[in-house]
Each structure stands twice: as C-alpha cells, then as structure tokens.
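Hi,

Here is the structure I said I would pass along.

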Amino acid sequence: MKNRIIKWIDQRFPLTSFVKHDLTGYPTPRNLSYWWNFGFLAGFVLMLQVATGIFLAMHYKADVTLSFDSIQHIMRDVNYGWLLRFMHATGASAFFLVIYIHMARTLYYGSYRAPRELMWWTGQGLLLMLMATAFMGYLLPWGQMSFWGATVITNLFRATPFIGEQVVTWLRGDYAVGDATLTRFFALHYLLPFLIIGGVVVHLVALHTVKSSNPSGIDLAAKDNIPFHPYFTIKDLYGLGIFLIVYCIFVFFLPNSLIEPANNIPANPMQTPTHIVPEWYFLPFYAILRSVPNLVGGVVAMGLSVMVFSFMPYLDRSHIPGGAHYRPWYRVTFYLFVADMLVLGYVGYTPPTNQSIVMGQVATFFYFILFMLLPFISKAEERWLIRRGLPPDVEAMIAGEAKEKSKLPQRRRRGDIT
Amino acid sequence: MAESDTLDDSNRRNFLIKVTSVVGGAGAAAACLPFVASMNPSSDVLAKATTEVDLSAIPEEGVHTVAWQGKPVFIFHRTQEEIKAMEASDGGFDPEPDQKRVKRPEWLVVVGICTHLGCVPNKEGPGWTCHCHGSQYDDSGRVTRGPAPKNLAVPPYRFIAADKIIIGEA
C-alpha cells in the first residue's frame, strides 16, 4: 500500500528522487567538523522564530497605546506567553550567534571561494534581511530602547543625498517614530521571515549544486564523500542537542540578561535614556557608525562594514587550497579580524569617552585596512607558500584527490558510479 | 566486549535508534504543548467567567440583558399571570416544565442566544422572537416555533442575596 502511494506520487512529483538526491544519498565530505553544523542550526532557529512569532502575533497588538501593555498581557495572562516571548527574544540572539559562527567558519576555511561565491552572496542577502527583521522586531515592545533604536536607525537615512528628510518621513509615515511606524514595522516583521525562507531555499539549491566545502579546502573525490543520511543527520541532531542546552539555559534561567532593562519603561518620545546601546549583535557596526565624526561618513562606513564581506571572493587572491589551516598569513589576518570585531563590540557597548572614541577610530581604521590589504597579503602568501612548499601530507592529499578524479570518466563509463 | 562486536550488533543498534526516536518524539510533542495552550483563554479572559447581577433595579415585566462570558443573558422579572401561564404549559418542541427552568418563579434567567444559529432574539409581546430565521420562544424561554431545536439555555447561577445572583457558578 505504502509503495503504491509513493509510486502514485512519483509519477506526478519527483519525491523519491528528491529525497535520494538531496537527503539520503546527498554526497557529503566525510571530514566535516562540527563547524559545519551551524547552517542547519540557523535553519532550525529560523523555524523556531517563525513558530514562536506566529503564536506571539496572536496576542500582540500593534498600536502605540496598546503594544507595551499587550507585552505585559503576554507575560502575565497568556498561557505560557512568558515562554513564547523569552524563546523569541533569546532566539533572536541565538540566530545572530549561529549566523556569525557560520560566517566565521566560511571565512576561516575559505568556503566563499570559487565555485561557492553565490552561496556567500545569497548568505550576505540573508544576513541583511535578518538584520532588518531583528531591528523591526525590536520596535514592537514599544519600550524606551525600542523607540530610540528605531529613531536613530531611521535617522540614518538622512544621509540620502538631496531627499534625506523626505526619505526619513516616508519610512516613518510620521514626523517622528509613531503609530504609523509601529504598524508598518509589525507588517514587515511578519513578512520578512518568509522572504528569508525563500532566500534559504536559493541558498540550499546553490549548496546542492556546488556541494559542501570541507576543512581540507580541497575538492574531495567521490570516494571521500559519504551519504548525508544517516551520518550527518545524526551529527546535526547531536549539535542541535548541544545548542538546545545552551539555548534553554538562557530561556529558562537568564532570559532578561539579553533584554536591556530600559526597555521595560514604555516609550517616551520626550526623553532619551542616558545610556543607549543596541542589541549585542549590532554593537561592532554601531561602534563604526559612532567612530566617524560625520553623519554621512558614519552611515557610509557602517553600510560598507556589513557589505564588505561580499568582496571576499575577489579580495582573497590566493590559489592555495584549503582555508586558514594551510595559510599561516591568512590565519593571522583572520584572528586579527575577529579580535578587532571584539574590540569594536566593546567600544560599541561603552559610553563614548575620549579614550573609547580613539579606540573605536583605531579599530574602525584597522577593520577596513585588513580588508584592503587582503589582496596583497593573500598574493604574497601564495608566492611564499609556492616557494617554500606546502606540508608534504597536504601535497600528498592534493595529488591523491587529483589522481582519483582523473579515474572518474573511466569509472563512469564502466558503470561503477552514476 | 570488543568495540567491533558492539558495532556489529544490529539488535543493539536498532534498540538504540528506537529508544532515541521515542524520547525525541516525546520531547517534540511536549514542546508543542505550550504553543497549543497559548491559544486557550488567557487568565484575563478566565476572570470574566462569572457575572454578578443586582436584581433590585429590575421592575416587573422588565428584561435586563447582562454580559456573561461575552454572551448576552436575559433576566426577566415575570408577573404572577405570566408565571401561572408558563406553569400551565410544557412548552412546544422541547417540552420542559417551567419549574425546572427557574430557581425562583418570578426570575427567569436564560442565555439570550437562539439555539438555531446563534442570533440574539428580541422580546416581543409574550416571549421572544428571533429575527434571523423566525424562531419563537415563550416567557419561559422555551421554543414554540422552529427552526430552533432547543429551548434557550439556562446558565448556571445562584442567589447570593435576596436580590442578587451570580451567573457562572451553580
């Protein structure tokens, strides 16, 4: 019976071949480490955010007079409303943490290099949509931080040439952030996750065309690939277990550690809180914005600091296979970049003082210089490595994979593989 | 037991897979509970479960409509003649003695929702008429003309003082 139903479907929809091609039989490099778990985790957090978000929307009211109270209603009156809200708020942080690790892995192992540029660029698009969604969702509780965060970010568009003021008013639908802004942010906050899901589908189709990268950075021949199921389904699920433990510690024991206390005060358009900080995941970019002593310059620098990742496939000019593991100079660059991000995050968190402003400006300068020097560093490193030679085991591995691949057409003719 | 023996033991492997699937499935099902529960009435809605009504302000022949759990409840102060007329009959389609429908004969308390498709009937002459589909009820809230299948429901209520009732608690 089951077979007959599947056969009926297969004549109309490629179910079996899809499952075989993209799940059970999907060839995956056998040497993937746990750093390759984070794409799956990002997908899981996306689903979690959509689920908790839809259920929160059943109780939330997007109206300046009601929204703050409707959050209190969710926290106190709705059955498990506190759980849904803490899951959603913690989920936002978890999403960025997972995505940043996912990006750091891509940078470290050079996974953005050919033929995976489109994966990197669709990922960049997904990051932008994620940032927009998080920012708009942050306005919805209508607390002090919500209001002033939205005020500051919408004001960034004043940097638009000639029609800056009009653009800001258009975005807000009002002269200041108000009811019109809240309602449209709610509508878009509900829309964007579905666009993200669409983007994820594109990201995955691209992935299944070029296949996963792997820690060696060398394209593996067929013999070094194993089916996704059960090897990586179980590995992803194990990683999910670890993730859920950390996530649940925050949801159940430290839910307020990620929520600014000032956001428990209803929005007051007449008074800005003394110490205003964005959520932790925006801190480095916020620090870059603050470091440039000019409105337009700051906005451009901040936009560039996010978009500069797109240029990585061109900035990295080395042809040495493998990620930072086989490339000592690139490895140093990578760690300097991570350290610089942490410094920027710290600067973004502290109130501006003479000292922290200088620190922020140095770190901002360093941030862009690292990207600008990368083409020269990678090219010089390539020459140096060619002269000096790669470690013998890597050379052996590259030769082995190449030999395996040269046998491929022959084996395909013999019918060993399909 | 050597490691290779453990790996080759397919019974052991199948057992582990089954146990893991059951525990994981139970966990996923448990995680769905808060989502389902969040759609049940919240505690501020539950707080509206009972309504107290002061009857002293309702004159004879007067009908007061009060909201109980978001539904209209008719409280009708009946005259002696109406009580006699109602006690004499058993209603129409859904026979029920009047004594069973009241706690004190001068006070009729019924949920003002037509048992056909949920409209609110109007007090017209003796009894009520539902204008949606023409059902009629007598002064005991019993259906005397269709299409309504049942008498107007009597909500749980009790007298907490001589002229005060609480609706929602029997």
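Where the two chains meet, eleven residues of chain A are in contact with nine residues of chain B. On the chain A side, two elements each give two or more residues to this contact: α3 (38–57) and α5 (81–109). Of the elements of chain A, α5(A) gives the most, with three residues. If you sort that side of chain A by class, you get seven nonpolar residues, three polar ones and one charged one. Do keep in mind while you browse that this is a predicted model.

Now over to chain B, which is divided into two domains: domain 1 covers 1–40 and domain 2 covers 46–167. How many Å separate the centres of domain 1 and domain 2 of chain B? Taken over C-alpha atoms, the separation is 56 Å.

Chain B also has a sheet to look at. The sheet is open, has four strands in the order β5-β6-β7-β8, and its pairing is antiparallel. As a reminder, strands of a sheet pair through backbone hydrogen bonds, either parallel or antiparallel. Which strands sit at the edges? Those are β5 (122–123) and β8 (143–145) of chain B, as each of them pairs on one side only.

Definitions and conventions. Residues numbered from 1 in each chain as written. Chains lettered and ligands numbered in written order. Predicted model: local features only at pLDDT ≥ 70, side-chain atom pairs only at ≥ 80, totals over all residues. Contact = placed C-beta atoms within 7 Å. Nonpolar A, V, L, I, M, F, W, Y, C, P; charged D, E, K, R; others polar. Pairing = 2+ DSSP bridges. Domains from an automatic or database assignment.
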